[in-house]
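Good morning, colleagues. Please turn to the sequence and the structure on the screen.

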Amino acid sequence: MNYWLMKSEPSECSIDDLELAPNQTVPWIGVRNYQARNFMRDQMRIGDGVLFYHSSCLAPGIAGLATVASEAYPDATQFDPSSPYFDAKASLESPRWLHVDVKFGKKTRLLSLAELRADPALQSLRVLQPGSRLSITPVTPTEWQMLLDRL
């Protein structure tokens with residue numbers, strides 16, 4: 001089993017939106033970074049643990065838990081000219097972007113970015129590394145357990 005921290009802007013999809021979605025599952029659309037795409041394609045498996053992280057908001061941080069609910073498959077938004085995630089270089093025959101489905105686990109207290117930064121035991125988290133802008137980052141089993149203990 002692998003563990004992941006997945007960032008979402010609450011205005012696009014919050015932990016509350018995930019909880020209210022049909023089957024409490026949403027496709028993780030809009031990833032347009034090759035490294036994050038490759039994590040989904042090559043390493044994510046159904047049942048992997050997800051820390052659902054609210055980003056680009058007044059109170060960024062871990063807001064809940066989820067699981068990976070599908071293998072990676074083509075992100076349809078890349079083919080939709082009306083989508084902000086449209087990619088003119090993508091084709092049905094050769095999709096460039098993938099996503100996985102994510103299933104709601106539970107809401108947690110908000111473990112804020114400030115709290116994460118202040119905890120010396122969590123300084124190895126990729127989300128805390130200078131310049132880290134990836135929307136999906138791996139979390140080690142030790143980091144996962146430390147974070148669960150704080151939630």
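Predicted model: local features only at pLDDT ≥ 70, side-chain atom pairs only at ≥ 80, totals over all residues.

Residues are numbered from 1 along each chain as its sequence is written, and side-chain values use heavy atoms, with hydrogens and water left out.

Let me begin with the strands. Helices (H or I, at least four residues) and strands (E, at least two) are DSSP runs, numbered from the N terminus. Two strands pair if DSSP finds at least two bridges between them. Strand 3 and strand 4 pair in the antiparallel sense over 6 bridges, and they form a hairpin with 6 residues between them. In that turn, S56 has a positive phi of about 50°. On its other pairing, strand 4 runs antiparallel to strand 7 over 7 bridges. L65 in strand 4 stands opposite L51 and also opposite K106 in strand 7.

I turn to the cores. A nonpolar core is a set of buried Ala, Val, Leu, Ile, Met, Phe, Trp, Tyr and Cys residues joined through side-chain atoms within 4.5 Å. The largest has 23 residues, and M6, L18, M44 and I136 have the most contacts inside it. Elements that give two or more residues to this core include strand 1 (3-8), helix 1 (15-20) and helix 2 (34-43). Another core, of 17 residues, lies apart from it, with L51, L111, L125 and L128 among them.

What does M44 touch, leaving aside its neighbours within four places in sequence? With contact meaning heavy atoms within 4.5 Å, M44 meets W4, M6, F39, V68, E71, V100 and I136.

Next comes helix 4, residues 141-150, whose buried residues are E143, W144, M146 and L147. Seen down the axis of helix 4, these residues fall within an arc of 165°, so they line one face of the helix; the arc is that of the directions from the helix axis to the C-beta atoms. The face turned away from the buried side carries the exposed residues P141, T142 and D149. Among the elements covering the buried residues of helix 4 are strand 1, strand 7 and helix 3 (113-118).

Aromatic pairs number 4 in the structure. Rings of Phe, Tyr and Trp (its six-membered ring) pair if their centres lie within 6.5 Å; planes under 30 degrees apart count as stacked, over 60 as edge-to-face and the rest as tilted. Y3 and W144 are stacked, at 4.5 Å centre to centre with 25° between the planes. Y3 lies in strand 1 and W144 in helix 4, so this pair ties together parts that are 141 residues apart in sequence. W28 and F52 are edge-to-face, at 5.4 Å centre to centre with 80° between the planes. W28 is buried at a relative accessible area of 5%, and F52 is buried at 0%.

Finally, S14 sits in the loop between strand 1 and helix 1. Is S14 buried or exposed? At 9% relative accessibility, S14 counts as buried, and beyond its neighbours within four places in sequence S14 is in contact with F52 and H54.

Technical notes: Buried < 20%, exposed > 50% of the residue type's maximum accessible area, 1.4 Å probe, protein only.
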